[in-house]
Amino acid sequence: MNRTLTVARMQFVAWRSVVGWPWAILLLSFAINLALFSAMGEKDDFEPTTGGLMSIYVVMFVASISAITMDFPFAIGLGVSRRSFYLGNVLHFVGQAIVYAAVLYLLAVIEQATDGWGVNLRFFGIPFLLVEHPVLRYLGFAIPFLLLGFVGIAIAVVFKRWGMNGMLTLSAVALVAVGGSAVLVTWQGWWSAIGGWFADQPGAALLVGWPALLTLPLAVVSYLIIRRATP
Amino acid sequence: MSPVVTVTDLTKRYGDVTALDRVSFTLAENRIYGLLGRNGAGKTTLMQLLTAQIFATSGEITVFGEHPYENERVLSRISFIKESQTYPSNLRVKHALRAAALVYPNWDEEYAQQLVEDLRLPLQRNVRKLSRGMLSALGIVIGLAARTPLTFFDEPYLGLDAVARQIFYDRLLADFTEQPRTIVLSTHLIDEVSDLIEHVLLIDQGRLLLDSETDALRGQVVTASGPVAAVDEFVRNGTELHRVRLGGTARATVRGDFGAAEHERARALGVDLVASSLQDIVVRLTTSSNGPAADAGSAVAADKEAVR
């Protein structure tokens with residue numbers, strides 16, 4: 001446990017760049033959107049929704065990959081066990097997700113209170129999450145961080161353990177799995193049923209429930225893979 | 001006193017390539033070892049195995065009485081300064097040092113700062129922008145200030161200028177005297193460290209050629225020069241590793257047990273004896289060890305055939 005905490009702290013030694021990048025990119029995206037929609041002039045019936053919020057999730061996804069590819073060889077070089085590194089890395093990422101989601105939630109509340117920053121802009125509010133329950137709303141910000149983060153970790157540990165061949169195999173398997181199911185679904189004429197299923201799911205299930213269910217096995221599999229990975 | 005490291009029949013294969021071939025040895029506490037050998041001999045592989053960075057194909061490893069794999073008790077007492085160590089690209093030198101300070105329980109911050117000053121390391125510089133020599137200097141600071149009971153330096157001097165190398169050797173020796181620990185120094189610059197290392201481990205093509213005290217080794221290998229017939233007569237009591245002929249005279253590098261009696265015999269034969277330098281010994285042993293019969297640990301005995 002002690003070493004786990006050490007690894008998490010170790011990954012924050014250059015905290016300015018760790019915290020700075022995601023928020024700088026998000027701020028930039030927000031500023032551009034705000035300027036754009038201010039310039040367009042306000043219309044009461046027009047409530048623009050942007051995809052700008054995605055930028056912080058993309059940056060965190062990339063960060064989760066580089067945390068493995070770059071920090072893992074460094075940590076192992078300093079004599080940290082793979083177990084401690086993995087748990088510390090997860091702690092480091094989950095910690096960020098918890099805090100970042102809280103900040104986003106707060107910004108969404110401010111956005112609502114200020115009528116979209118005075119120009120009816122909807123930047124932080126998630127459009128298809130039509131739940132008012134505060135906990136679910138918070139999780140709607142937090143869980144996607146975790147899902148993307150663990151997808152990134154899983155990809156990176158496959159690369160660390162099996163190198164380029166591992167990546168190509170993984171891509172091939174993913175291609176066959178996705179393409180194969182598409183063929184199967186089309187052949188059986190299941191598209192409308194699947195569309196219906198998605199439409200029937202409440203927003204919270206799509207943004208919180210299912211991602212959370214996917215995250216768990218990814219976390220376990222990544223741990224098993226990294227235990228035999230070499231730096 | 002139980003050894004710090006015990007290795008038994010350690011083998012590492014990468015596909016068809018045998019990087020280490022049934023290597024066995026022990027490392028005692030508080031000594032400085034020289035891990036010598038040519039490029040690709042298996043030195044880095046050996047150190048990576050001992051620190052559980054990579055996995056052995058077969059054989060046993062015990063460090064501080066336990067296997068190092070995923071063993072925090074063992075790993076936190078080792079530091080391994082790898083020549084090819086990479087650092088996260090967002091770190092500056094000061095960040096890398098802070099990370100090391102967090103990880104090593106015995107880290108000496110004051111000493112680290114002193115070393116940074118001596119080696120003129122730019123603390124604010126990003127690690128990606130460091131020259132090869134500065135990267136080496138960073139590794140040296142981490143390896144020395146970590147003050148771990150077992151420290152591996154894998155060619156720590158790459159790109160370092162002569163002054164910085166001397167600072168490293170001086171600091172290493174001074175610090176070792178003050179706080180004894182087990183140090184393994186893998187190096188090509190044998191002459192520079194020959195006064196530093198107390199024990200030599202020589203590997204070649206994955207095999208352990210030599211496992212000997214440096215002092216014992218020095219007397220064991222000599223260069224005998226004189227008339228061909230006299231040299232021929234003299235080397236009969238040893239193992240000839242190398243010979244140069246120049247007209248009627250010969251100069252042979254011989255390994256054997258050269259006590260006072262042997263020196264007397266040489267004088268009587270008219271053969272001039274000079275003790276070989278550690279570097280000469282290593283060069284001669286590794287260039288004359290291509291015999292297929294060479295066996296781990298006792299390969300030298302087979303060299304006689306290989307030379308002839």
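Which element contributes the largest share of the lining of the largest cavity? In this predicted model, that share comes from helix α5 of chain B, which supplies five residues to the lining. The cavity in question is one of seven of 30 Å³ or more that the structure holds, and about 100 Å³ of space lies within it. Its lining comprises 14 residues, among which B:K82, B:E83, B:R132, B:L135 and B:S136 lie nearest the centre of the cavity. When the lining of the largest cavity is divided by class, five residues are nonpolar, four are polar and five are charged.

Helix α5(B), which spans residues 132–145, also packs against helix α4(B), which spans residues 109–118, with the axes of the two helices coming within 9 Å and crossing at roughly 155 degrees. Because angles over 145 degrees count as roughly antiparallel, α4(B) and α5(B) are therefore roughly antiparallel to each other. The crossing of this pair of helices is right-handed. On the side of α4(B), the contact is made by B:Y111, B:A112, B:L115 and B:V116, whereas on the side of α5(B) the contributing residues are B:V141, B:L144 and B:A145. The residues of this helix–helix contact comprise seven nonpolar, no polar and no charged ones, whereas the lining of the largest cavity includes four polar and five charged residues alongside its five nonpolar ones.

Technical notes. Residues numbered from 1 in each chain as written. Chains lettered and ligands numbered in written order. Predicted model: local features only at pLDDT ≥ 70, side-chain atom pairs only at ≥ 80, totals over all residues. Heavy atoms only, no water. Axes fitted to C-alpha atoms, helices over the stretch in contact; angles between N-to-C directions. Helix = DSSP H or I, 4+ residues; strand = E, 2+ residues; numbered from the N terminus. Parallel < 35°, antiparallel > 145°, perpendicular 65-115°, else oblique. Left-handed = near helix turned anticlockwise from the far one by under 90°. Contact = heavy atoms within 4.5 Å. Nonpolar A, V, L, I, M, F, W, Y, C, P; charged D, E, K, R; others polar. 1 Å grid on protein atoms, 1.4 Å probe; cavity = no way out; pocket = protein on both sides within 12 Å on 5 of 7 lines; lining within 4 Å. Points joined across faces, edges and corners; volume = space filled by probe spheres on them.
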